[in-house]
Amino acid sequence: MDQSAKQPTNTPANQALINLSGVSKNFRTADGSERVVLEGVDFTLKEGEIVALLGKSGSGKSTLLRIMAGLLPADKGQVIYRGQQLFGPARGIAMVFQSFALFPWLTVQQNVELGLEAQGIPKEIRAEQAEAAIEMIGLAGFEGALPRELSGGMKQRVGIARALVMKPDVLLMDEAFSALDVLTGETLRNDMLELWESKKTPMKGILIVSHNIEEAVMMADRILIFSSDPGRVRAEIKVSLPRDRSEDSPEVRALIDEVY
Ligand code: ADP
Ligand code: MG
């Protein structure tokens with residue numbers, strides 16, 4: 001048997017980028033009781049893959065991403081990033097938000113530079129790196145614009161540039177295309193895939209959180225379903241390569257039945 005055929009071409013090392021084991025999180029509700037949001041989540045994002053995490057609203061997807069980004073501590077379990085336990089934000093992990101989360105009073109360029117500024121990178125280098133990230137995501141010429149002057153798709157491009165400028169090896173995308181109209185979302189997803197495949201960035205893995213099955217099928221090598229009550233990764237399907245963009249396959253049908 002041809003052993004090389006078993007190895008997906010874009011996962012040469014199959015190394016774990018981020019590994020979660022037994023991650024649990026409770027939130028205290030207004031009446032003072034505890035609500036289990038995540039319970040015993042085990043998950044590994046490996047080098048070379050795009051994984052989609054699908055789940056209903058309120059199932060704990062954003063909470064899980066925030067834990068993976070080091071923005072929120074887990075109550076139990078651990079997150080291992082490149083072999084080390086994560087206790088806070090790590091330089092190699094960047095996040096893109098559904099609501100763009102741009103500072104409205106700052107220009108495109110200033111929004112993209114913020115993270116570099118926080119790292120104490122000198123102004124000229126910041127400017128250069130921000131311009132490169134802005135160009136990479138197709139916003140060259142809009143460096144001086146304010147967010148309110150941009151369409152939704154362009155705002156999210158700024159959100160992506162702000163993540164890319166940090167040169168992350170892990171990109172976490174939380175419903176990043178959900179606030180966009182269908183066509184804009186599709187264009188941006190295609191551009192992201194092109195960027196991923198171009199290897200122009202140091203990105204080694206992308207986790208896409210979504211409630212949109214079509215999006216997951218289009219972008220992911222692997223799709224995980226997130227159940228609610230309490231959130232844990234419940235099932236997995238592998239999207240065959242080259243990407244199977246159809247919703248007609250039996251695997252995808254089963255997935256739709258599982259989530260909805
Ligand atoms: P999803 O992203 O899948 O829609 P979330 O992770 O945002 O789900 O939220 C999961 C659950 O946790 C929801 O019931 C939400 O109300 C609750 N929740 C999220 N963040 C907090 C918080 N900071 N305090 C209390 N409850 C929260
Ligand atoms: Mg969410």
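A helix here is a DSSP run of H or I with at least four residues, numbered from the N terminus. The model is predicted.

**Exercise 1. Ligand shell**

Task: Find which helix gives the most to the shell around ligand 1, and say how the shell residues divide by type.

Solution: 
- Step 1. List the neighbors. Ligand 1 is surrounded by Phe 27, Val 37, Gly 55, Ser 57, Gly 58, Ser 59, Gly 60, Lys 61, Ser 62 and Thr 63.
- Step 2. Helix α1 covers residues 61-68 and gives the most, with 3 residues.
- Step 3. Sort by type. The shell holds 2 nonpolar, 7 polar and 1 charged residue. Gly counts as polar in this sorting.

**Exercise 2. The chain as a whole**

Task: State how many helices and strands the protein chain has, and what share of its residues is buried.

Solution: 
- Step 1. Count the elements. The protein chain has 7 helices and 10 strands.
- Step 2. Take burial. Of the 260 residues, 38% are buried.

**Exercise 3. Two packed helices**

Task: Describe how α2 and α4 pack, and decide whether they are roughly parallel or roughly antiparallel.

Solution: 
- Step 1. Two packed helices are described by the angle between their axes and the distance between the axes.
- Step 2. Read the values. Helix α2 (residues 108-118) and helix α4 (residues 152-164) pack at about 30°, with axes 8 Å apart.
- Step 3. Apply the cut-off. Angles under 35 degrees count as roughly parallel. Therefore α2 and α4 are roughly parallel to each other.
- Step 4. The crossing of α2 and α4 is right-handed.
- Step 5. Name the contact. From α2 come Val 108, Asn 111, Val 112 and Gly 115; from α4 come Val 158, Ala 161 and Arg 162. These contact residues divide into 4 nonpolar, 2 polar and 1 charged.
- Step 6. Look at burial in α2. Its buried residues are Val 108, Gln 109, Asn 111, Val 112, Glu 113 and Leu 116. They pack against α3 (123-136) as well as α4.
- Step 7. Check the end. Just after α2, Gly 120 takes a positive phi of about 75°.

**Exercise 4. Met 219**

Task: Decide whether Met 219 is buried or exposed, and find what Met 219 touches.

Solution: 
- Step 1. Met 219 lies in helix α6 (residues 213-219).
- Step 2. Apply the cut-off. Burial needs 20 or more other C-beta atoms within 10 Å. Met 219 has 25, so Met 219 is buried.
- Step 3. List the contacts. Leaving out residues up to four places away in sequence, Met 219 touches Ile 50, Ala 52, Arg 189, Leu 193 and Ile 208.
- Step 4. Compare sequence with space. Met 219 and Met 192 are 27 residues apart in sequence, and 9.0 Å apart from C-alpha to C-alpha.

Key
Residues are numbered from 1 along each chain as its sequence is written. Chains are lettered from A and ligands numbered from 1 in the order in which they are written. This is a predicted model: local features need pLDDT of at least 70, side-chain atom pairs count only at pLDDT 80 or more; totals for chains, interfaces and linings use all residues. A residue is near a molecule or strand if its C-beta atom, placed from the backbone, lies within 6 Å of it. A residue is buried if 20 or more other C-beta atoms lie within 10 Å of its own, exposed if 12 or fewer, and partly exposed in between; C-beta atoms are placed from the backbone. Axes are lines fitted to C-alpha atoms, for helices over the stretch in contact, and angles run from 0 to 180 degrees between N-to-C directions. Angles under 35 degrees count as roughly parallel, over 145 as roughly antiparallel, 65 to 115 as roughly perpendicular and the rest as oblique. A crossing is left-handed if the near helix is turned anticlockwise from the far one by less than a right angle, and right-handed if clockwise. Two residues are in contact if their C-beta atoms, placed from the backbone, lie within 7 Å.
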